[in-house]
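Subject: Structure for you, with notes

Hi,

Here is the structure I promised. Please open it alongside these notes.

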Amino acid sequence: MALSDSVTTCLSPPVHYVICKLGFEKKHTYDINNILSENGEVCWQAVTEHVCYLESDQSVDYIKSIRSLGPVCESINLHFKSLTKEQFVIQYALWFRWTNYTELFLEVFDVLQYTQTTEVALGLMKLTSCLERALGDVYLLIGKDCPFLLRDLLASEQLAVVFGQAVMNVLRVFIGSPYGLNLRNVLWHGFASPQEIPVKYCAMLLFLTAGLGQLLQTYLLQTKCILVHRPYVIFVSLEELDAFPGKYLTISKYLNHETLSIAEELVKLSSFVLKTMLPFWMAALTAFKQSRYADCVILLLPQLEVGLRLLFTTTNRCPNRLLTAEVKFLSKVSYDLMLAKHLDNEEVNQLPAVLEEPAMASEFLWDFLNHQEGPRIRDRLSHGEINLEAFPREVANQIVAFAITLLCRFSDEDMFAFKEHMVVKPLMNCASCYRSRFHPISRLKKQVLECMKSVHLWPELPTVPKEHIQTIKGLEGNAEASTLILMISEIISQLQQYMPQNCCSSDDPINSVLTERLLIELCDTCICTLYSPRPVLEILVVLRKISTQCHQVSEQVIASTELRYKQWMNKTLRSRQRHNYLRMLNSIKFLSPVLRFILVLITLELVNVHLVCRKNPFDYQQYLKFLKSVLQYTENLVTYTSPEKNKWDETMELTNKALIKIRKISDRKLMLMQLAT
């Protein structure tokens, strides 16, 4: 029997007891009139009195508190079930406005009426993320930097000032503390199956959210503060997320339903899916069909984590880690740990090897979930940073497609027909070709190509007629510019042996080597992005800063050239400004090859960036110092070419010093490209 069939729960016995049994040990219920006043306000005293404290340090006794609050939760659940939707809206809708998403909480009320287990779990996940976002907004009424972790937010003095410490302790029994029910983490990390989350806890959190709204209104009236909601994160450049061909998942009469029907069959057969989690998978695919893209991804992400955790624990022979661990380990058996190079005992993590192709796990998952410049979908969804109603289909497409490839990848050999299906096979091919798009290496490649495109616009910039230039004396700087260009040619000749030979020419090194074609070829080089050691990441930071400064110089030159030309032709430039404009035109003659040379230089270093690990500590520091000197040069160039400074003559001296330093490093063969031979 496959492990995915034999596992009946991912909750360890202690956690299972706390969530599924502890709150049911006391059988009696409470009169709702003791918990709610006649005008619909929460009687907090009747709730907070059930929170118990340890005698030793007066911290919350979570076990006793859950046991005591269990009947309160049941009473509230029964109360909500007794209300019609209209009654609930009249009595409670006002108190959800502070969350900036009243509609969500009204949806959760609907879910409570039908108690479909997957919908209850989904409702809880959405509720807790929205509640966290709203609490963060409240925190910012007093504090400055909102804590990233929910547990730190709930334990903050700022929220205690607004709501009272006793109220925050009630909330921490349900979410935020690893010692309590910890409902948010248990669900978002995929440990709980649908039937393991008691519906009464969802009802209780709905009730508490309304009560918090009442307390907040009192605080705002007293302090005359205004609650400001932070804007949602908006995904930009969605085309960058298009890892899988959109046509295979776009809703159309041709492919969509066929693709999802195959996915539904795969879910039932794949060893990647725990059978207890099957309802989540089916609900996710149904949500996609219904264009509920946020719901689809919210349901799928924890299940991808469960499936990967199943593989992780199997391949690394640590089956105990499939279950929730006690307290501190819960959040650690997640993507960060599973995608790490080594286990916490320093042994090599076997999961990446099992996943084989980069796209089949690490590269894709790091891109979409972890890399700081990526969409970080799970973080942003679980912390309430995304507008669920406007969640882009493009993102859901990618997650569903990736899930399908994993379902196929970890299925029995007799499922060959599925893998070769005309709809599935292109997805598998895309997966096998995937390369990181949001790792710093990938971002630097994109940067240098964009910068080179900018510099290539310079020859097309408008310039004044030559006869106009000849009428102005004192601009005999061409010799200095020619000297700098000659020095660049000499350095290029030294470094040509480290470049693709089809992009080089000894006759005209500047125009034949410093080209966009060379950069494109270099950027097509496959560079390992997984498990980049710290020295590599440090070098990448500096290289990216250099590229950014170069691009800034280029954009400033373009803007200044266009503006000054227009002013020249309109005869609105004063004598000094005309001289300065012509100095700028003279400087462009050497600045263009200089910028192109630096872009080629940092790209060659990028291609060989992992060789930095060969350097001993002293040589590494010397190399880092050299790169920082290049960075300093480009930063100074930004300053001197800015509209405020316009120090074009000074750029020559700056450039001369920088090129001399680069030539010395080249002569000493200290560059990374020179270590490759």
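How many aromatic pairs does a search of the whole structure find? The search finds 19. Rings of Phe, Tyr and Trp (its six-membered ring) pair if their centres lie within 6.5 Å; planes under 30 degrees apart are stacked, over 60 edge-to-face, and the rest tilted.

First, the ground rules. This is a predicted model, where local features need pLDDT of at least 70, side-chain atom pairs count only at pLDDT 80 or more, and totals for chains, interfaces and linings use all residues. Residues are numbered from 1 along each chain as its sequence is written, and side-chain values use heavy atoms, with hydrogens and water left out.

**Aromatic pairs**

Take F80 and Y92. Their ring centres are 5.5 Å apart and their planes stand at 85 degrees, so the pair is edge-to-face. It links distant parts of the chain: F80 is in helix 4 (residues 62-82) and Y92 in helix 5 (residues 85-92), 12 residues apart. Helices here are DSSP runs (H or I, at least four residues), numbered from the N terminus. F80 is buried at 0% relative accessible area, and Y92 is buried at 0% too. Buried means under 20% relative accessible area, exposed over 50%, partly exposed in between (1.4 Å probe, protein chains only).

F80 also pairs edge-to-face with F109, at 6.4 Å centre to centre and 85 degrees between the planes. F109 lies in helix 6 (residues 102-114) and F80 in helix 4, so this pair ties together parts 29 residues apart in sequence. Both residues are buried. One aromatic cluster takes in F80, F88, Y92, F96, F105 and F109.

**Charges over rings**

The charged end of R309 sits over the ring of F191, 3.9 Å from its centre. R409 lies over the face of F410, 4.8 Å from the ring centre. The test: NZ of Lys or CZ of Arg within 6 Å of the ring centre and within 35 degrees of the ring normal.

**T405**

T405 is in helix 20 (residues 393-409). It counts as buried, at 0% relative accessibility. Its side chain reaches the backbone oxygen of F402 at 2.6 Å.

**Helix 23**

Helix 23 (residues 440-455) has 16 residues. At 1.5 Å a residue they should span 22 Å, and the end C-alpha atoms are 22 Å apart, which agrees. The expected span is 1.5 Å times one less than the number of residues. Its buried residues include R443, K445 and C451. Among the elements covering the buried residues of helix 23 is helix 28 (534-569); contact means heavy atoms within 4.5 Å.

Best wishes

Technical notes. Helices (H or I, at least four residues) and strands (E, at least two) are DSSP runs, numbered from the N terminus. A polar contact is a pair of N or O atoms within 3.5 Å; within protein, one must be able to donate a hydrogen and the other to accept it, and residues adjacent in sequence count only if both atoms are side-chain atoms.
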